[in-house]
Amino acid sequence: MEGREINVSGTLVWYYYICPREVWLIGHQINPDEDDANVSLGRFIQDYSYPRERKELIVGHSKMDVFRVSEEGLVVGEVKKSSKYRNSARMQLAFYLSELKQRGIKAMGELRFPREKRKEIVVLDEQTERELDRVCREILRILYLPRPPEPKKINFCRKCAYAEFCWS
Ligand code: SF4
């Protein structure tokens with residue numbers, strides 16, 4: 001990581017709950033197979049759902065979608081293919097809320113799962129902030145490792161774009 005700035009991003013927070021090896025690989029900009037079918041479907045759903053409502057906002061090192069401005073402030077959204085990794089998605093969105101809070105911007109989060117026709121509200125409460133703090137420190141610890149953590153077989157491997165890299 002010499003000479004390169006190290007930053008925690010929302011994407012790394014999402015992967016932290018899935019696989020620490022993936023955190024290291026993404027953090028070191030070792031990119032997965034972009035043509036992987038799961039990556040493509042996920043990106044398609046994220047990019048093309050709710051096109052009229054969404055405005056992209058870049059804050060610090062995070063790129064997030066803003067759905068609307070309400071009485072609670074900005075409503076920042078995250079669109080996911082499924083709710084299977086709901087906790088990861090919740091913490092990713094909480095990370096965006098924290099980035100905004102640090103800049104004095106009031107916001108709340110809205111997770112959306114268009115294929116399941118579901119929505120979920122995310123707020124940054126004390127417990128979530130404490131968890132985020134712990135996760136950010138853990139992510140930095142992983143990124144500073146000299147090599148990626150060893151691969152561990154988990155369900156996610158089957159659809160992970162790094163599968164060939166890890167297991168062949
Ligand atoms: S294939 Fe499995 S071990 Fe390798 S990065 Fe993906 S989830 Fe992690």
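**View 1. Contacts of Thr11 in the predicted model.** Leaving aside neighbours within four places in sequence, Thr11 touches Gln92 and Tyr96, where contact means heavy atoms within 4.5 Å. This is a predicted model, in which local features need pLDDT of at least 70, side-chain atom pairs count only at pLDDT 80 or more, and totals for chains, interfaces and linings use all residues. Residues are numbered from 1 along each chain as its sequence is written, and side-chain values use heavy atoms, with hydrogens and water left out. Thr11 belongs to helix H1 (residues 10-16); helices (H or I, at least four residues) and strands (E, at least two) are DSSP runs, numbered from the N terminus. Thr11 counts as partly exposed because its relative accessibility is 36%, the class between buried (under 20% relative accessible area) and exposed (over 50%), with a 1.4 Å probe and protein chains only. The C-alpha atoms of Thr11 and Ser88 are separated by 9.4 Å, although these residues are 77 residues apart along the chain.

View 2. Strand E1 (residues 55-59) pairs with strand E2 (residues 62-70) in the antiparallel sense over five bridges; two strands pair if DSSP finds at least two bridges between them. Ile58 stands opposite Lys63 in E2. Two residues lie between E1 and E2 in this hairpin, and Gly60 in the turn has a positive phi of about 60°.

**View 3. The hairpin of E2 and E3.** E2 and strand E3 (residues 73-79) run antiparallel and are joined by five bridges. Val76 in E3 is the bridge partner of Val66. The hairpin that E2 and E3 form has two residues between the strands.
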